[in-house]
Amino acid sequence: NENIVTIQKCVDALEKGKFRDFWQLYVPTQALFADAVGFVEMVRLFIVSNLRDTFKNMPQGIFTQQLGLDNVSVVSFCDSNKFIEKIVDEVVVFASNEENQQK
């Protein structure tokens, strides 16, 4: 079944940290996920928590691509997300945690 193949490709992209690839697969097939209420929000939470655990900060343009956001929605997303400390000079600064600190 083509739908199952698409879903598996989306899962693989997320598991491998290929977040931009996920959005490229998801956008043209989003109707397939329409009944999953809150799906996009949970995917974005998964992605941002992974990014936060890996990086201290990230250029806003790359962050926007990773989260499948646009330049307007990225600001409101960051303002309302506990994993984001702030945006400064077009750099997204992640909230500090044990994983993203130098050891």
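Analyst: Accessible areas come from the Shrake-Rupley method with a 1.4 Å probe. The model is predicted. The accessible surface of the chain comes to about 6,800 Å². Carbon and sulfur atoms hold 52% of this surface.

User: What makes up the secondary structure of the chain, and what pattern does the chain follow?

Analyst: The chain has five helices and three strands. Along the sequence they read α-α-α-β-α-α-β-β. The C-alpha atoms fill a box of roughly 45 × 30 × 20 Å along the principal axes.

User: Why is phenylalanine 19 called buried?

Analyst: Look at helix H2, where phenylalanine 19 is found. The relative accessible area of phenylalanine 19 is 5%. Buried means under 20%. The value falls under that cut-off, so phenylalanine 19 is buried.

User: Which residues touch phenylalanine 19, beyond its neighbours within four places in sequence?

Analyst: Phenylalanine 19 is in contact with Ala13, Leu14, Phe46, Ile47, Asn50, Leu51 and Gln66. Alanine 95 is another reference point: its C-alpha atom is separated from that of phenylalanine 19 by 20 Å. Along the chain, these two residues are 76 residues apart.

User: Is glutamine 60 buried or exposed, and how do you know?

Analyst: Glutamine 60 lies in helix H4. Its relative accessible area is 12%. That is under 20%, so glutamine 60 counts as buried. Leaving out residues up to four places away in sequence, glutamine 60 touches Asn71, Val74, Val75, Ile87, Glu90, Val91 and Val92.

User: Why is leucine 32 called partly exposed?

Analyst: The relative accessible area of leucine 32 is 30%. Buried needs under 20%, and exposed needs over 50%. The value of 30% lies in between, so leucine 32 is partly exposed. Leucine 32 sits in the loop between helix H2 (19-26) and helix H3 (39-54). Together with Ile7 and Val11, Leu32 makes a nonpolar surface patch of about 190 Å².

User: What makes the pair of aspartate 53 and arginine 52 a salt bridge?

Analyst: The closest N and O atoms of aspartate 53 and arginine 52 are 3.1 Å apart. A salt bridge needs such a nitrogen and oxygen within 4 Å. The pair meets the cut-off, so it is a salt bridge. Side chains of opposite charge can pair when their charged atoms come close. The count for the model is one salt bridge.

User: Which residues touch the most other members of the largest nonpolar core?

Analyst: The core has 24 residues. Phe22, Ile47, Val48, Leu51, Phe63, Leu67 and Phe94 touch the most other members. Helix H1 (2-15), H2, H3, helix H4 (60-67), helix H5 (73-79) and strand E3 (91-94) each give two or more residues to this core. H3 gives the largest share, five residues. Leucine 67 touches several residues beyond four places away in sequence, including Trp23, Arg44 and Phe77.

User: How do you know which part of the chain is buried, and how many contacts join residues 24 or more positions apart?

Analyst: Of the 103 residues, 35% count as buried. Among contacts with a separation of 6 or more, 51% are between residues 24 or more positions apart.

Technical notes
Residues numbered from 1 in each chain as written. Predicted model: local features only at pLDDT ≥ 70, side-chain atom pairs only at ≥ 80, totals over all residues. Heavy atoms only, no water. Patch = residues over 30% accessible without salt bridge, like charges linked within 9 Å, V, L, I, M, F, W, Y side chains within 5 Å. Salt bridge = Lys/Arg side-chain N within 4 Å of Asp/Glu carboxyl O. Helix = DSSP H or I, 4+ residues; strand = E, 2+ residues; numbered from the N terminus. Buried < 20%, exposed > 50% of the residue type's maximum accessible area, 1.4 Å probe, protein only. Core = buried A, V, L, I, M, F, W, Y, C linked by side-chain atoms within 4.5 Å. Contact = heavy atoms within 4.5 Å.
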